[in-house]
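Hello,

Here is the structure we talked about. Please have a look, then read the notes below.

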Amino acid sequence: MNAAELRGVSYVYSKNTPFCKVAVNNIDIAFEEKIVTGIIGHTGSGKSTVSQMLNGLLKPSEGVVLVEDKDIWSEPKKIRNVRFAVGLVFQYPEYQLFEETVYKDIAYGPKNMGLSESEIDERVRMAASLVGITEDMFDKSPFDLSGGWKRRVAIAGVMAMRPKILILDEPAAGLDPRGRDEILSRIVEYRRSTDSTVIMISHSMEDMAVYCEKILVMSDSKPFMYGTPAEVFSKSAELESVGLAVPQVTKLMTELKARGYHVRTDIYTVAQAKAEIARLVKEGAVC
Amino acid sequence: MAEIIIKAEDLCFQYEDERAEAPVLEHLNLEIEKGSFVAVLGHNGSGKSTLAKLVNMILTPTSGKLFLFGKEIDEENMTEEEYFALRQRIGMVFQNPDNQLVATIVEEDVAFGPENIGVPSKEIRARVDDALEIVGMSAFAKHSPHQLSGGQKQRVAIAGIIALRPEIIIFDESTAMLDPRGRNDVLATIEKLNRDFGTTILHITHYMEEAIRADRVIVIDEGRVHLDGTPREVFSSVDTLKKIGLDVPQVTELMLALDRDGIKIAKDTLTVSESADAIEAYMKKQSLEKK
């Protein structure tokens, strides 16, 4: 089943003004449920617009947005429920913290959903543990935390609403390598333990390769490629043509192939590349 | 040997508020030559931004000595004029492009710095035009900054610094919030400043592919210089870097992993073409040996 779907969707910013810009141009795309899907594309490719249409923050200029096979705009007055079902974590969410304590900040979303105190408490604890926040941090001010921890608080706040689909816009942007791996693996773990759907926007092909099951590449307001990491990365020349940086090992394999060596080009991790080069060396020695 | 433009001797720094735990910098020693392009790596909290702020004279050392342009930085024994004069020779570009632009027109933003230090207006005009030319943003001189992409905004921020004509520019994770294209444009600008104008560059980054373009890489960990050398020397320490939570270029990691498995191709390649060359040479040598 599909978690969400866009059918014939377009979005135009500042329509009927000189600044009019088509951000999404007549696209059809279905997001599979219960996997991590990555959306990648350079600035202005339309990826953030897609994510904001999925949770009803933007209303498409044309076309239909379906969440669990239901048109989210069929009853515009109930759009708030869509926003609970599809949680959106913005870029640099740590700038949106505002409560006095970590606990209160995570509890803000569930509170707005009108849940009981005990339900809220349970959700806050669960979301906190999913991102690695321990109870001794609950009473701290979120503003006393480091950037990486602030971001975890902000993400936990959305997770605590238990959305069926969690969308994160650049969740690892600006973090150091360790912080980045920590956050991304927590998100994958969250998806597994809640059996939900995750859609993640990123600029980093390396991260996508490791953490996503499917990758949607956007370019010029349209889907450019859509498939498993191996399918997408096997076309490194096309990816570079739309301004994306492919992983170094993928480039290496493409380069070796161009020099006449028979190697796979659908490789994107160091371990895969190691196995492939070991094979090349061994077979090269045989013939 | 070139002139030493930055020198730290037993440099220590500790934040004074009640939350401060351990010192951020602990007896850091460092010498940087004039005209060099130095990449500074380290995980969050390693002390690298604190070092940048000390060099930019935003912070003053808790103990130890810091020399800039051969002069010891000592607030108590310097006149205010001396202090500010020194400060003007160092520029800093920050992480978030949106926090650095103040004016509503690109060229006015670039003129903000020179205006503040009292540059005559005729010269301001020339400086602004030059600076926008260097960063490749002349065509946007009359645009409003909010219509620019992140990478373009960051280049305008750099132009604002260039217009002050500093001899040292510190980039404090100035590429962290940009997409690959924007990052590449900013890095090309940094290289140009270093190559064509001899500006000394301190580039703090988490991106290893940027660090390999520098002349020298310094890894800061726990407030000290942990590794220091050419990119090739530093990145060959794959295990050390991984242990302190940093990345290495994928090809470097790949070649080292192959080497450990007895496939001795090369251990210190940094780029894709270098690695492809090494593999090709290895394959040719092997087939010759066979014959």
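**Domain contact in chain A**

Five residues of domain 1 of chain A touch four residues of domain 2 of chain A. Contact here means that the C-beta atoms of two residues, placed from the backbone, lie within 7 Å. On the domain 1 side, α7 (205–211) and α8 (229–233) of chain A each give two or more residues. α7(A) has the largest share, with three residues. By type, that side holds four nonpolar residues, no polar ones and one charged.

Some ground rules. This is a predicted model: local features need pLDDT of at least 70, side-chain atom pairs count only at pLDDT 80 or more, and totals for chains, interfaces and linings use all residues. Residues are numbered from 1 along each chain as its sequence is written, and chains are lettered from A and ligands numbered from 1 in the order in which they are written.

Domain 1 of chain A spans 2–232 and domain 2 spans 247–287. These bounds come from an automatic or database domain assignment. Taken over C-alpha atoms, the two domain centres are 35 Å apart.

Helices are DSSP runs (H or I, at least four residues), numbered from the N terminus. Nonpolar means Ala, Val, Leu, Ile, Met, Phe, Trp, Tyr, Cys and Pro; charged means Asp, Glu, Lys and Arg; the others, Gly among them, are polar.

**Chain A against chain B**

Chain A puts 32 residues into this contact, and chain B puts in 36. On the chain A side, α5 (147–159), α6 (177–194), α10 (248–258) and α11 (270–286) each supply at least two residues. α11(A) gives the largest share, eight residues. The chain A side divides into 14 nonpolar, 11 polar and seven charged residues.

Best wishes
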